[in-house]
Amino acid sequence: MNTEKILVTSALPYANGPIHLGHLAGAYLPADIYVRYQRLKGKDIVYVCGSDEHGVAITITADKENKKPKEIIDRFHNQNLDSFRKFGMSFDIYSRTSTQVHHKTAREFFTAFYEAGLFREKNTLQLFDEKANKFLPDRYVEGICPNCGFEGARGDECENCSANYEQTALINPKSKLTGETPVLRESYHWFFPLDEFQKRLEEYVETASKKYHWKENVLNQVKSWFKDGLKERSVTRDLDWGVSLPLEEAKGKVLYVWFEAVLGYISATKELFESRGEPEKWKEYWQNPDTRYLAFIGKDNIVFHTIIFPAMLMAWNDNRPDQYILPENVPANEYLIFEGRKFSKSRGWGVYVGEFLEKFPADPLRYCLAANSPETKDASFYWKEFQMRNNSELADILGNFINRTLTFTSKNFEGAVPEAGKLEEIDREFIEIISKTPEIAGNLFEQYKVKDALTELMNLARAGNKYFNDSEPWKSVRTDKERCATTINLCIQAIYSLAILFEPVLPFSSERLLKILNAEKKGWDEASKLNLAAGHKLGKAEILFGKIEDKVIDEEIARFTEEPAAENVKLIEYDDFAKIDLRVAEIYSAERIKKSEKLLKLQVRIGKEKRQVVAGIAKFYDPETLVGKKIIIVANLKPAKLFGLESQGMVLAAEDSQGKLQLVELSPDTETSARVK
Ligand SMILES: [Zn+2]
């Protein structure tokens, strides 16, 4: 019999900061649960991940701390590896993209495309710092936002108004390296023609998504990329940190991190089998049409795993004899936020995994994140919910069932499994639940429905408590010892099943429980049976889940409840406010702007006057729904140019904690041009 092969990857975390709870809930815990489940099912599975260690953010951190990039990546690679280990992530390998094998793999892909003449090559204009003798990546330039006039806007995006633009559109740009005004210089680059792959990618997504039931949230995002039309992407950039190119004429250039980071999955798999002394075996996973490949990611990575990486693999397959497989599914989660707001460690909002695990064990965190997983929509971590799930579910339901059974066994049956007697209806019903749970929960894990699977598993523990209560062994122990023995036998059998079935979610507790039961780990399907023979001697009982007190949780809550939003408020004079001319305007036309994900072009009326306003609300509104709305605009803002369009004013919008913008709207009978004071 041929064992089914499965290849699982989790998005490579960026080695430029510590991972927080939101990361775990997105790409890591769901994958780890899936992998552990499939291992119990006896599948031949390989699970790879590693640190993404290139890119300009790392050199910026290094510059800021006056360190070498290598020191930055070493620090965060080791820190994140340690957090993952303590959290119980069961990677077969956690590699890094700074390894030799990765650089080699990435260059091989570049070379294959280069030799096939796939790249478009052209000169682009870029800002160049003459003093530092360097081209400036977007993040190395600062200037005045061409949209709103905000000073200190980044090279590609304005923090103040969220406009996107080319770095050459920035007004009065300054190099962050030297403070000098950069000059425009031509630079030669290679572009991947993603547009040429659109049709084949659409076919791939269409087929795979139907066959393997892709998640709705993933499919919606992919379709919107297709709708906008795929565009060529630059593969190279002028930077000295990264994978250098195998071309003499490309000195001082490295592969763009989007191009090489996804290849890290392949490099890591090569490294894994190299270390096992089977250097060719990685091909059995990556280049075997019978292997199932699943790429677990958070929603910010959907485009890279459903469009870009598949396109690169297609391009390889077009030009080389060895053929890669494409992901069968990309089960991306939505975001986990923290106490109702976006994680932002710079504003003191959220918890790093390392910090968390210094205070609390991993399993209750795994359980809480899994039970409240952002599978189809954003979810929030709340400390109170963490406490509740630990105390009322893990301790009071699962822990209680285990503890009362084992204490009773130790007291009345000398700590050994008693022999079951004649079965009654109540016993048969309980056995039925034990025998069905693995299949029901397993099917849900197969479909990445962790929350539902967890409910089924907890229901088995609930059924155990009910069976224990209804059977009243504390009475039958005096009146009918055989009846009592039957009850306890079945309760211990159920606990053994629970130890196996909870292993994917609670690996540490499962291991301890098996020790308490003095029993071996068995396969998933075995959990449907009554496995322990009468007379089997149990180990020493101990409490699996301690309760978390209010005091402890209140301390955690107190740590971040100081409102950070108001800390930078500066008071102004009334005269300052009076300088702003706010007017009611009516939108009579709205349309998307090509090449911009964020901006809409609005035509508005203020009384008889017509104006064009460019607004950063494209992510939140369909243009069609805006026509006729009465809004407020800043009417005396200096006009600015954006994407070649003049913007004659600014609309007022409220930004919530998750960055979502909502226009300030007035009732339809408000007169346009009315002054807002
Ligand atoms: Zn701006």
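Val-46 is buried, with a relative accessible area of 2%, where buried stands for under 20% relative accessible area, exposed for over 50% and partly exposed for values in between (1.4 Å probe, protein chains only). This value, like the others below, belongs to a predicted model, in which local features need pLDDT of at least 70, side-chain atom pairs count only at pLDDT 80 or more, and totals for chains, interfaces and linings use all residues. Residues are numbered from 1 along each chain as its sequence is written, and side-chain values use heavy atoms, with hydrogens and water left out.

Once neighbours within four places in sequence are set aside, Val-46 is in contact with Ile-6, Leu-7, Val-8, Asp-92, Thr-269, Leu-272, Phe-273 and Tyr-285, a contact being heavy atoms within 4.5 Å.

The pairing of S2 comes next. Strand S1 (residues 5-10) pairs with S2 in the parallel sense over five bridges, and two strands are taken as paired if DSSP finds at least two bridges between them. Within this pair, Leu-7 has Val-46 of S2 as its bridge partner. From S1 the chain passes through helix H1 (residues 21-40) to S2 in a right-handed β-α-β crossover; the term right-handed applies if, with the strands pointing away from the viewer, the path from the first strand over the helix to the second runs clockwise. S2 is also joined to strand S3 (residues 93-96) by four bridges, and these two strands run parallel. Ser-51 stands opposite Arg-96 in S3.

At the level of the whole chain, the model has 20 helices and 26 strands. Of the 677 residues in the chain, 54% are buried. The C-alpha atoms fill a box of roughly 95 × 65 × 50 Å along the principal axes. Among contacts with a separation of 6 or more, 74% are between residues 24 or more positions apart. The domain assignment gives domain 1 (5-119 + 198-216 + 249-333), domain 2 (120-191), domain 3 (355-528) and domain 4 (574-676), with bounds that come from an automatic or database assignment. The centres of domain 2 and domain 4, taken over C-alpha atoms, are separated by 27 Å. Across these two domains, eight residues of domain 2 are in contact with nine residues of domain 4.

The protein donors of the zinc ion are Cys-145 (SG), Cys-148 (SG), Cys-158 (SG) and Cys-161 (SG), lying 2.3 Å from it. Donors here are N, O and S atoms within 2.8 Å of the metal (3.2 Å for Na, K and Ca), and sites may look incomplete because water is not among the atoms. Along the chain, the zinc donors follow the spacing C-x2-C-x9-C-x2-C. The arrangement is tetrahedral because the four donor atoms subtend angles of 106 to 112° around the zinc ion; four donors count as tetrahedral if all angles lie between 85 and 135 degrees. For comparison, the ideal angle for four tetrahedral donors is 109.5 degrees. Cys-145 and Cys-148 are both buried. Pro-146 and Val-46 are 100 residues apart in sequence, and their C-alpha atoms are 49 Å apart in space.

Helix H12 (residues 362-371) is largely enclosed by the rest of the structure, because 10 of its 10 residues are buried. Among them are Asp-363, Arg-366 and Tyr-367.

His-213, in the loop between helix H5 (198-212) and helix H6 (216-228), has a phi near 55°, a positive value in a residue other than glycine. His-213 is exposed, with a relative accessible area of 64%. Glu-472, in the loop between H15 and helix H16 (473-479), likewise has a positive phi, near 45°, and is a residue other than glycine. Glu-472 is partly exposed, with a relative accessible area of 30%. Ser-471 lies in helix H15 (residues 450-471) and is buried, with a relative accessible area of 12%. Apart from neighbours within four places in sequence, Ser-471 is in contact with Ile-426, Ser-476 and Thr-487.

How values were computed: Tetrahedral: all angles 85-135°; square planar, octahedral: opposite > 155°, others 65-115°.
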